[in-house]
Amino acid sequence: VRPNGRIRIPPVNRATYKAFLETLFPGMPEKMAGIFYDHIRCGILHSAQTKGKSNLTAGVDYVVEYVSPVDISIDVVNFTEKLFDWVDCYRQQLIDNGNVQFEQDLASYRDVHYRHYPDRAPGSTRAAFINKMHYVCRDE
């Protein structure tokens with residue numbers, strides 16, 4: 001717990017999300033994946049808007065590109081197509097491997113998740129609720 005009463009959340013979500021983006025887009029620079037997480041994912045999830053000068057667009061010929069050294073632009077149509085392609089591929093792996101791949105991935109995720117978030121193990125929602133309320137009620 002931090003001095004301000006908030007629960008410290010380890011950066012496992014950010015690292016996991018960045019690793020997924022780097023799998024989805026081989027060759028994506030680590031810095032770009034971090035900006036995607038911070039500006040797009042966190043911005044939309046926590047504030048219903050992108051952060052910085054990063055933006056969402058449609059109908060362009062790229063999936064993601066830099067608009068400045070610290071901001072990116074995402075084409076939502078191309079990104080969605082790329083994501084659906086990945087999901088279809090993963091689904092086929094599950095079918096081909098008789099769900100062995102899914103069970104391995106799920107076990108790996110749970111292991112990492114609960115190691116970093118023991119208070120979020122099944123049946124424990126108190127700390128997650130308190131942390132969210134600190135965020136919602138923050139005085140900035």
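Colleague: Is C42 buried or exposed in this model?

Modeller: The model is predicted. Residues under 20% relative accessible area count as buried. C42 has a relative accessibility of 9%, and therefore C42 counts as buried.

Colleague: Is C89 buried or exposed?

Modeller: The cut-off for an exposed residue is over 50% relative accessible area. C89 stands at 54% relative accessibility, so C89 counts as exposed.

Colleague: How many disulfides does the structure hold?

Modeller: A disulfide is a covalent bond between the sulfur atoms of two cysteines. To be counted here, a pair of cysteine sulfur atoms must lie within 2.5 Å. The number of disulfides that the structure holds is zero.

Colleague: What pattern do the helices and strands follow along the sequence?

Modeller: The secondary structure of the chain comes to five helices and three strands. Read along the sequence, these elements give the pattern α-α-β-β-β-α-α-α.

Colleague: Which residues does F79 contact, leaving aside its neighbours within four places in sequence?

Modeller: F79 is one of the residues with the most contacts inside the largest nonpolar core. A contact requires heavy atoms within 4.5 Å. With neighbours within four places in sequence left aside, the residues in contact with F79 are L21, L24, F25, F36, V63 and I74.

Colleague: How far apart are the closest N and O atoms of D38 and R14?

Modeller: Side chains of opposite charge can pair when their charged atoms come close. D38 in helix α2 and R14 in helix α1 are 24 residues apart, and the pair links distant parts of the chain. D38 is partly exposed at 28% relative accessibility, and R14 is partly exposed at 29%. The two residues form a salt bridge, in which the distance between the closest N and O atoms is 2.8 Å.

Colleague: Which residue forms a salt bridge with K18?

Modeller: The structure holds two salt bridges. In the pair that includes K18, the closest N and O atoms are 3.2 Å apart. K18 is buried, because its relative accessible area is 12%. The residue that forms this salt bridge with K18 is E30.

Colleague: Is E30 buried or exposed?

Modeller: E30 lies in helix α2, twelve residues from K18 in helix α1. Its relative accessibility is 54%, so the residue counts as exposed.

Colleague: What is the area of the nonpolar surface patch made by I44, L56, V76 and V77?

Modeller: Residues of a patch have over 30% relative accessible area. V76, which is found in helix α3 (residues 76-96), has 34% relative accessibility and therefore counts as partly exposed. Together with I44, L56 and V77, V76 makes a nonpolar surface patch of about 290 Å².

Colleague: How far apart in space are A15 and Y37, C-alpha to C-alpha?

Modeller: A15 lies in helix α1. A15 is partly exposed, because its relative accessible area is 46%. A15 and Y37 are 22 residues apart in sequence, and their C-alpha to C-alpha distance in space is 9.2 Å.

Notes:
Residues numbered from 1 in each chain as written. Predicted model: local features only at pLDDT ≥ 70, side-chain atom pairs only at ≥ 80, totals over all residues. Heavy atoms only, no water. Patch = residues over 30% accessible without salt bridge, like charges linked within 9 Å, V, L, I, M, F, W, Y side chains within 5 Å. Areas by Shrake-Rupley, 256 points an atom, 1.4 Å probe, with all protein chains shown as cover. Salt bridge = Lys/Arg side-chain N within 4 Å of Asp/Glu carboxyl O. Helix = DSSP H or I, 4+ residues; strand = E, 2+ residues; numbered from the N terminus. Buried < 20%, exposed > 50% of the residue type's maximum accessible area, 1.4 Å probe, protein only. Core = buried A, V, L, I, M, F, W, Y, C linked by side-chain atoms within 4.5 Å.
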